[in-house]
Amino acid sequence: MEEKAAENLKEKYDDFNLGDGDVSDAVRRRDWSRLRVLSTRAGGFGEERNSAWPFLLHAQQKTSGPRDSDSDRAHTKLRKRRKKIASVEGVRGGHFEKGYERDALRSSSAEEHPDERQIKLDTDRSFVLYPNVSVEDHRDREELQTELNGLITTIFRRHTKLNYFQGYHDVISVLFLTLSEDQKLPCADKMSLHRLRDAMGKGLEPLIGLLQILKYLLRLADPEYAVLLERNTPLPYFALSNLLTLFSHDIPTLPLIQHIFDFLLSRPPIAVVYLAAAFTLARKNEATKMEEEGEEGMLHSLLSNLPELSDGDEHQNDEELKIEASDDGRILKADILVEKQKHALEDEVTVKVEECNYNGPGKRADVLSENGLTVHDTIEDGGSESKDQRKIVESPDSSDLQPSAAVPSNEVPQEMPFEQKLSLGTETPPATTAMQSTELSDLPSSGFEAPSESETNSRPASSLSHVRPPKLSLPYLLEHADILFALYPPSQPSLHISSIIGPQSVILTWSEDPRDMASDAEAEAMMTHPELVTLEFVDLDETPVGEDPDAHSGRRHRKLRKRYTKHFGVSLDKKTVLTGAVVALGVAIAVYSMRAKGGHSGMDITRTQKGLRRVGKWITAIFIRD
Amino acid sequence: MAKQYQFKLVLLGESAVGKSSLVLRFVKDQFDDYRESTIGAAFLTQTVALDDGSTVKFEIWDTAGQERYKSLAPMYYRNANCAVVVYDITQPASLEKARTWIRELQRQADPSIVIALCGNKLDLAARRQVTQEEAQKYAEEEGLMWGETSAKSGEGVASIFTSLAKKLPQTAPPPQTRGGGAVRGAPGARAAVDLNSNTNGGQDGCNC
């Protein structure tokens with residue numbers, strides 16, 4: 001009954017978006033490049049996430065597969081019992097009493113996972129920023145928390161080798177709030193095993209590896225800025241939670257993080273590093289200003305708290321952008337990027353972007369009008385709220401949460417004048433909010449983590465009288481990330497990816513083609529070889545920025561080989577040491593050989609990934625058989 | 001001209017004992033019933049005025065509690081002048097964790113570091129599992145400052161930081177006093193801060 005209603009609701013929304021079938025069309029055609037293009041437009045996949053994400057996560061046909069039999073059945077059974085209880089007790093469908101949830105989980109056959117206490121601690125403080133419908137109603141939130149806890153617990157009991165990390169709950173909560181009931185578990189499962197797996201070992205090494213790659217990427221993209229950043233922090237630790245949680249811990253609204261997931265899920269796992277770089281580069285002016293003010297730590301505050309984002313097209317109203325109105329918004333924006341950030345990339349950017357097969361001219365206008373249409377059909381709640389009230393895509397059977405259609409690029413009028421003034425093309429105003437805070441006892445949002453940001457974001461327009469950093473356009477940042485990928489693909493030697501990333505990292509094992517990926521069981525088994533996820537990398541910090549790191553490569557490789565052997569000698573037997581050495585060589589060959597192929601086609605993500613994955617698969621075969 | 005001091009403070013402790021809430025109370029005098037877990041670390045500052053007219057500015061690194069982030073902690077306590085190690089008075093295991101942190105600080109941090117042991121969640125005293133005597137005795141043995149707080153009610157929060165502020169100038173290396181302006185760019189350089197520029201502006205300037 002309830003499910004039927006939800007289905008009707010979904011159909012209704014589908015009807016509203018007749019012109020927006022591109023995504024499902026691309027999914028049907030398994031067209032990854034098209035999906036990548038669609039993921040960067042304003043609003044991303046919109047309401048079509050429920051078909052797009054399961055496809056992108058390779059979770060599509062999983063609901064009744066024979067593989068999941070036991071635990072899936074247990075989960076379903078559990079949910080059914082909950083629902084029954086819930087309806088008896090008059091609790092709104094899909095939710096259940098906390099105590100009952102615990103008891104039910106305990107009585108299920110699966111054994112408790114050692115991390116369940118930590119999971120509980122974190123799910124008990126989840127859904128802080130969204131969905132907004134629950135902010136005033138603690139009971140609603142607790143129900144959501146309990147259900148999220150059930151979902152996460154199911155995954156960890158099913159895959160006992162996975163370890164929980166704080167922030168994992170943020171990632172899963174995005175899936176939880178986006179996908180329909182039957183998709184949540186299979187998608188969260190695949191996400192964990194094939195995208196988040198590196199972070200689910202015991203240590204932080206894989207994350208440190210990503211931070212190192214980010215550091216090198218920033219050096220390439222903007223050497224001058226990189227010097228500033230490295231003067232303040234040896235690694236870009238401010239991006240730690242971005243990389244670890246795929247931005248889900250840091251983005252204050254659901255529509256924005258959903259859009260970021262659209263982008264990331266349609267790209268290989270390494271894409272998150274490029275996006276983190278785009279975010280970091282976009283704040284150069286603020287960061288420079290802040291450093292001049294001489295506050296150690298404030299830079300961390302600035303950069304670890306993401307800028308205010310918009311997901312719309314308001315920047316197209318910007319005077320500066322109008323001057324050069326071109327058919328292709330991307331090239332235009334790339335130019336502005338170059339100008340504004342004084343990148344050393346100027347010519348290259350334009351050339352490369354032309355090569356990128358992005359969506360054609362006029363697309364943005366279409367999107368805008370589509371969304372304009374959709375606005376009227378959106379279920380409103382708490383109508384007078386601020387810009388972040390863009391409606392959330394709710395899964396059909398959590399309709400009790402006031403589900404609503406996504407209206408991704410619906411900009412709130414009251415913000416417009418301010419935002420126009422301070423949109424991307426304008427000079428970045430001084431980051432005074434943060435600096436004031438250092439002297440007044442009253443620290444503003446920028447000194448805090450996300451909750452305060454949401455506070456800021458949910459503030460009415462009147463509070464905008466404070467000088468604030470400009471709001472950045474998310475589509476712009478996403479495209480910037482793609483540009484960076486085109487300019488500095490993973491094969492780029494200066495990124496040192498082949499020396500940092502091990503063959504069993506998701507960076508190497510992930511594939512667009514599910515047949516080329518490790519099975520779930522193989523993926524889980526990889527947890528037992530952390531030394532194959534992240535190599536023991538000798539950081540070449542002695543190489544000054546700007547100097548060609550390749551000049552040292554001979555020395556580095558000798559050093560690396562030495563450390564590598566030593567490391568392996570400690571924990572593994574001789575046979576494995578030998579295999580490991582071969583593996584390292586194989587990865588290097590695969591990564592570097594892509595450079596030649598990808599030379600004039602930097603955006604060829606698929607090809608790049610293929611090379612990486614081939615090696616990964618080969619390695620997997622060796623080690624799983626061991 | 002009154003003296004102005006600037007100290008680096010690091011918060012350590014097990015997950016969910018209330019480190020971030022304690023800082024939020026101290027810095028903004030606020031409390032959220034729901035506060036997200038900290039990932040990596042967060043940085044905040046707060047200035048305390050002392051009775052003798054001097055002011056102490058804390059640069060606070062609020063760290064993540066989960067064990068897996070432990071390897072990042074040295075980065076934050078390395079040059080810290082003081083540390084607040086937090087436990088939850090309703091969770092005996094969290095005091096054990098606090099002891100571990102304190103041992104690590106005593107071994108690895110700057111020898112002059114001033115450590116305060118802080119029993120949080122005093123508002124839940126009805127569910128208390130760690131007695132004051134036990135914690136206080138341990139603190140005395142180790143030469144730590146000790147106090148109990150409730151980030152929720154605010155009880156004890158200001159006093160623990162103020163006590164630190166009072167103790168610090170005597171024990172820490174010569175504090176930075178006020179300079180002429182911002183120091184530019186030099187690695188590791190920290191600017192002396194003009195604390196007077198904003199003290200008379202009222203609160204509404206950045207109440208966000």
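Trainee: What makes β5(B) largely enclosed by the rest of the structure?

Mentor: Buried means under 20% relative accessible area, whereas exposed means over 50% and partly exposed lies in between (1.4 Å probe, protein chains only). By that criterion 7 of the 7 residues of β5(B) are buried, so the strand is largely enclosed by the rest of the structure. This is a predicted model, in which local features need pLDDT of at least 70 and side-chain atom pairs count only at pLDDT 80 or more, while totals for chains, interfaces and linings use all residues. Residues are numbered from 1 along each chain as its sequence is written, chains are lettered from A and ligands numbered from 1 in the order in which they are written, and side-chain values use heavy atoms, with hydrogens and water left out.

Trainee: Which residues of β5(B) point one way, and which the other way?

Mentor: B:V114, B:A116, B:C118 and B:N120 point one way from β5(B). B:I115, B:L117 and B:G119 point the other way, and all of these residues are buried.

Trainee: Why are β4 and β5 of chain B called paired strands?

Mentor: Helices (H or I, at least four residues) and strands (E, at least two) are DSSP runs, numbered from the N terminus. Two strands pair if DSSP finds at least two bridges between them. B:V85 has B:L117 as its bridge partner in β5(B), and B:C82 has B:V114. In general, strands of a sheet pair through backbone hydrogen bonds, either parallel or antiparallel.

Trainee: How do you know that β5(B) pairs with β6(B)?

Mentor: The two strands are joined by 4 bridges and run parallel. The bridge partner of B:L117 in β6(B) is B:W146.

Trainee: What makes the crossover from β4(B) to β5(B) right-handed?

Mentor: A crossover is right-handed if, with the strands pointing away from the viewer, the path from the first strand over the helix to the second runs clockwise. The chain passes from β4(B) through helix α3 (residues 92-108) of chain B to β5(B), and this β-α-β crossover is right-handed. From β5(B) the chain crosses through α4(B) to β6(B), again in a right-handed β-α-β crossover.

Trainee: Which strands are the edge strands of the sheet, and what is the strand order?

Mentor: The open sheet has 6 strands in the order β2-β3-β1-β4-β5-β6 (chain B), with mixed pairing. Its edge strands are β2 (41-49) and β6 (145-148) of chain B, since each pairs on one side only. Neighbouring strands are turned by 25 degrees against each other on average, direction ignored; axes here are lines fitted to C-alpha atoms, for helices over the stretch in contact, and angles run from 0 to 180 degrees between N-to-C directions.

Trainee: How do you know that helices touch this sheet?

Mentor: Contact means heavy atoms within 4.5 Å. Helix α1 (residues 19-28) of chain B lies across β1 (4-13), β2, β3 (55-63), β4 and β5 of chain B, at about 155 degrees to β3(B). Helix α4 (residues 132-142) of chain B packs on the sheet, touching β4, β5 and β6, and its direction makes about 160 degrees with that of β6(B).

Trainee: Why is α1(B) described as largely enclosed?

Mentor: Here 10 of the 10 residues are buried, so the helix is largely enclosed by the rest of the structure. Among them are B:K19, B:R25 and B:K28. α1(B) is followed by B:D29, whose phi is positive, near 55 degrees.

Trainee: Why does A:L210 count as buried?

Mentor: Its relative accessibility is 14%, so A:L210 counts as buried against the limit of under 20%. A:L210 lies in helix α11 (residues 205-221) of chain A and touches A:L243, A:I270, A:V273 and A:I507, not counting residues up to four places away in sequence. A:L210 and A:I500 are 290 residues apart in sequence and 8.3 Å apart in space, C-alpha to C-alpha.

Trainee: What is the secondary structure of each chain, and what share of its residues is buried?

Mentor: Chain A has 31 helices and 2 strands, and 64% of its 626 residues are buried. Chain B has 5 helices and 6 strands, and 55% of its 208 residues are buried.
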